[in-house]
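Student: I am new to this structure. Please take me through one part of it closely.

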Amino acid sequence: MASGQKSQVIGNFFDSRWNAYRDFLNLDLLNHKTLFQQLATHIQAHLPKDYSFLDLACGDCEPAGKLLKIHPAKSYVGVDIAAEVLKLSFTNLKHFLGKKNLIPLDFTLYLEEPGESFDLILLSYSLHHLKTEDKRRCIENARKKLNPGGFLAIIDGMRLDGQSREDWLNLCYNYMENKSEGKCPESCKIVKAHMIEADIPEEGREYLRMAKEAGYSKAELSLEEASGLGILFAHA
Ligand SMILES: C[S@@+](CC[C@H](N)C(=O)[O-])C[C@H]1O[C@@H](n2cnc3c(N)ncnc32)[C@H](O)[C@@H]1O
């Protein structure tokens, strides 16, 4: 399947199954709390108060909305291919008074176009859907959209060194299912089927390599061995 087609299939999945993913958000099965806390700390340390924020694959913008309560940006642009999910963002960003723009689009296409540049570019829980060469291209294109002093944050499933995709799927899925304590069995089933069909995570160290090759000045990785989830910061 061509990349654009696959992205649309994934967008349709999230448009029709958002309630299952919402259970995962509500129960914090993907460790948004700790990973977004690390992001908040990094923003505090590195960005000016009036930073500009590009959120790629923003979903319903709830995680970004919470972050914006702690660190209000000057402007926020959210891009997501799932147009129905994106409509939910208006409620989650109601409190945000800065300039905002929500764009229903494939983020890989957004990154190809010249235009605005940003202090923070976030890609959370979505890059893993792309093939390796498309991930690399996104990381390269994101660098071109960063302001000096800005950074790219990738929060995602990442394989440990030498770990196979199958072993990562077992580790990550079992972690989330255990954490759910049986509270959302149907949603677990739906997400598991999606992961098996669509998730192709890279090794964490591969993201570090891609960032270096794309010309970022500095890249840092923090990868949780228990969950197979991690965060990469790559500075312009
Ligand atoms: C697992 S959700 C993550 C949502 C949010 N970023 C978060 O942290 O919870 C994945 C999101 O990526 C979006 N997505 C997947 N591929 C995309 C693409 N190529 N372009 C734009 N959005 C995409 C889906 O529509 C979905 O909303």
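**A shell and a helix pair**

Tutor: We start with the ligand. By class, the shell around the ligand holds 12 nonpolar, 7 polar and 2 charged residues. Keep in mind that this is a predicted model. Of the 21 residues around the ligand, Ser7, Ala57, Gly59, Ala82 and Ser124 come nearest. Helix 1 (3-26), strand 2 (75-80) and helix 6 (107-112) each supply at least two residues of this shell. Helix 1 gives the largest share, 5 residues.

Now turn to the pair of helices. Helix 8 covers residues 165-180, and helix 9 covers residues 185-198. They pack at an angle of about 170°, with their axes 11 Å apart. Angles over 145 degrees count as roughly antiparallel, so helix 8 and helix 9 are roughly antiparallel to each other. Helix 8 passes helix 9 in a right-handed crossing.

Which residues meet there? From helix 8 come Leu169, Tyr173, Glu177 and Ser180. From helix 9 come Cys188, Lys192, Met195 and Ile196. By class, this contact has 5 nonpolar, 1 polar and 2 charged residues.

Look at one of them, cysteine 188, in helix 9. Leaving aside residues up to four places away in sequence, cysteine 188 touches Glu177 and Ser180. Finally, compare its place with lysine 74. Cysteine 188 and lysine 74 are 114 residues apart in sequence. In space, they are 37 Å apart, C-alpha to C-alpha.

Technical notes:
Residues numbered from 1 in each chain as written. Predicted model: local features only at pLDDT ≥ 70, side-chain atom pairs only at ≥ 80, totals over all residues. Axes fitted to C-alpha atoms, helices over the stretch in contact; angles between N-to-C directions. Helix = DSSP H or I, 4+ residues; strand = E, 2+ residues; numbered from the N terminus. Parallel < 35°, antiparallel > 145°, perpendicular 65-115°, else oblique. Left-handed = near helix turned anticlockwise from the far one by under 90°. Contact = placed C-beta atoms within 7 Å. Nonpolar A, V, L, I, M, F, W, Y, C, P; charged D, E, K, R; others polar. Near = placed C-beta within 6 Å.
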